[in-house]
Amino acid sequence: EFPQFNTNAKAKVEKPPFAKFENLLAFKDNLSGGKWFVLKDGPGVADFHIWEMLDQHKMLSERIGGPDIFAEFPKCKAFYDAFKALPTLKNYFASEAYKLDVNNKIANPHFA
């Protein structure tokens, strides 16, 4: 197997690197009131990238039987849920494309 991958994956999901995101969403001058990272009325480019990282960490934790990655990050959880509920992305999240592997099997056994 891949003991180093397992060790690294466990470390990532037990202490996810989301404190900075949580703080940005809580920032008193956040234009959206903490719903989005950059724009006032909806997601911007940065939101797509951050959401994807949150989604991949969530997926990794679920695949290795790890903890809830959002347990200590309620604002990140609310952002994640709001993004996934966007009507314009509903069809994508229901499609087979969303279910595709994140990486090739040889690249990382947790995301294949």
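This is a short talk on how helix H3 packs against helices H1 and H4, and on one residue in H3, Ser61. Please keep in mind that the model is predicted.

Two packed helices are described by the angle between their axes and the distance between the axes. I will take the pairs in turn.

Start with H3 and H4. H3 covers residues 45–63 and H4 covers residues 74–84. Their axes are 10 Å apart, and the packing angle is about 105 degrees. That angle makes H3 roughly perpendicular to H4. Who meets whom? On the H3 side, the residues in contact are Asp47, Phe48, Ile50, Trp51, Leu54, Asp55 and Lys58. On the H4 side, they are Cys76, Phe79, Tyr80, Phe83 and Lys84. Sorted by class, this contact has 8 nonpolar residues, 4 charged and no polar ones.

Next, H1, which is residues 3–14, against H3. Here the axes are 9 Å apart and the angle is about 120 degrees. H1 is therefore oblique to H3. The crossing of H1 past H3 is left-handed. From H1 we have Ala9, Lys12 and Val13, and these meet His57, Leu60 and Ser61 of H3. By class, that contact has 3 nonpolar, 2 polar and 1 charged residues.

That brings me to Ser61, in helix H3. Is Ser61 buried or exposed? Its relative accessible area is 2%, so Ser61 counts as buried. What does Ser61 touch, leaving aside neighbours within four places in sequence? The contacts are Val13, Gly66, Pro67 and Ile69. Val13 is also one of the H1 residues in the contact with H3.

That is the end of my part.

Terms used:
Residues numbered from 1 in each chain as written. Predicted model: local features only at pLDDT ≥ 70, side-chain atom pairs only at ≥ 80, totals over all residues. Heavy atoms only, no water. Axes fitted to C-alpha atoms, helices over the stretch in contact; angles between N-to-C directions. Helix = DSSP H or I, 4+ residues; strand = E, 2+ residues; numbered from the N terminus. Parallel < 35°, antiparallel > 145°, perpendicular 65-115°, else oblique. Contact = heavy atoms within 4.5 Å. Nonpolar A, V, L, I, M, F, W, Y, C, P; charged D, E, K, R; others polar. Buried < 20%, exposed > 50% of the residue type's maximum accessible area, 1.4 Å probe, protein only. Left-handed = near helix turned anticlockwise from the far one by under 90°.
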